[in-house]
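This report describes one protein model.

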Amino acid sequence: QVQLVESGGGLVQAGGSLRLSCTASQSRFIINTMGWYRQAPGKQREFVAHIISGFRSNYADSVKGRFTITGDNAKNTVYLQMNSLKPEDTAVYYCNAGGSVSGSIRDFWGRGTQVTVSS
């Protein structure tokens, strides 16, 4: 079983920055895609950003130019640098990783980390 351990959430004022990190615990997990989704109260979970094969990244339009996702393949870790945060960025942020482990294609989720942006 692969565990995704997230850290870095918190409370910040609008215009501030936070950095999230997510590490996959299983060294035999061959990661293809790793990234972040978020879910605000009363809303569906939505895509934020992901990095594919360690170098190609995609972003939701709402965070382009403000968020940057990077990966450290050696550490099975992905980072999300969030700048110019807005109150509408407030949500629980979930790490997601997809790839193969023990010959099977699998998709895993972290437990989530709260990000709160005050106005």
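## Disulfide

In this predicted model, one disulfide is present. The two partners are C22 and C95, with 2.0 Å between their sulfur atoms. A disulfide is a covalent bond between the sulfur atoms of two cysteines. The torsion about the S-S bond is -85°, and the link of C22 and C95 is left-handed.

C22 belongs to strand β3 (residues 18-24) and C95 to strand β9 (residues 91-101), so the bond ties together parts of the chain that are 73 residues apart in sequence. Are the two cysteines buried or exposed? C22 has a relative accessible area of 0% and is buried. C95 also has a value of 0% and is buried. The cut-off for buried is under 20% relative accessible area.

## Fold and dimensions

How many helices and strands does the protein chain have? There are zero helices and eleven strands. Read from the N terminus, the order of elements is β-β-β-β-β-β-β-β-β-β-β. The radius of gyration is 14 Å, close to the 14 Å that the globule rule gives for 119 residues, so the protein chain is as compact as a globular protein of that length.

The C-alpha trace spans about 45 × 25 × 20 Å along its principal axes. Among contacts with a separation of 6 or more, 54% are between residues 24 or more positions apart.

## Surface and charge

Of the 119 residues in the protein chain, 43% are buried.

The charged side chains comprise 12 positive and 7 negative ones. The centres of these two sets lie 4 Å apart.

## H50 in strand β5

H50 is part of strand β5 (residues 46-52). Its relative accessibility is 19%, and H50 counts as buried because the cut-off is under 20%.

Which residues does H50 touch, not counting those up to four places away in sequence? They are T33, M34, G35, R56, S57, N58 and I69. Three of these partners, T33, M34 and G35, have numbers that fall within strand β4 (30-39).

## The loop between β4 and β5

K43 and R45 are both placed in the loop between β4 and β5. K43 is exposed, with a relative accessible area of 58%. R45 counts as partly exposed, at 35% relative accessibility.

The C-alpha atom of K43 is 9.5 Å from that of A91, a residue 48 places away along the chain. For R45 and G35, which are ten residues apart along the chain, the C-alpha separation is 13 Å. Leaving aside neighbours within four places in sequence, R45 is in contact with Y37, R38, Q39, Y94 and W109. G35, the residue used for that C-alpha separation from R45, is also among the residues that H50 touches.

## Positive phi at S84 and S102

S84 and S102 are residues other than glycine with a positive phi. Phi of S84 is near 50°, and phi of S102 is near 55°.

S84 sits in the loop between β8 (77-82) and β9. At 41% relative accessibility, S84 counts as partly exposed. S102 is in the loop between β9 and β10 (104-109). With a relative accessibility of 64%, S102 counts as exposed; the cut-off for exposed is over 50%. The C-alpha atoms of S102 and R28 are separated by 7.3 Å, although the two residues are 74 places apart along the chain.

Key
Residues are numbered from 1 along each chain as its sequence is written. This is a predicted model: local features need pLDDT of at least 70, side-chain atom pairs count only at pLDDT 80 or more; totals for chains, interfaces and linings use all residues. Side-chain values use heavy atoms; hydrogens and water are left out. A disulfide is a pair of cysteine sulfur atoms within 2.5 Å. Helices (H or I, at least four residues) and strands (E, at least two) are DSSP runs, numbered from the N terminus. Buried means under 20% relative accessible area, exposed over 50%, partly exposed in between (1.4 Å probe, protein chains only). Contact means heavy atoms within 4.5 Å. The radius of gyration is taken over C-alpha atoms; the globule rule is 2.2 Å times the number of residues to the power 0.38. Lys and Arg count as positive and Asp and Glu as negative; His and the chain ends are not counted. The place of a charge is taken as NZ of Lys, CZ of Arg, CG of Asp or CD of Glu.
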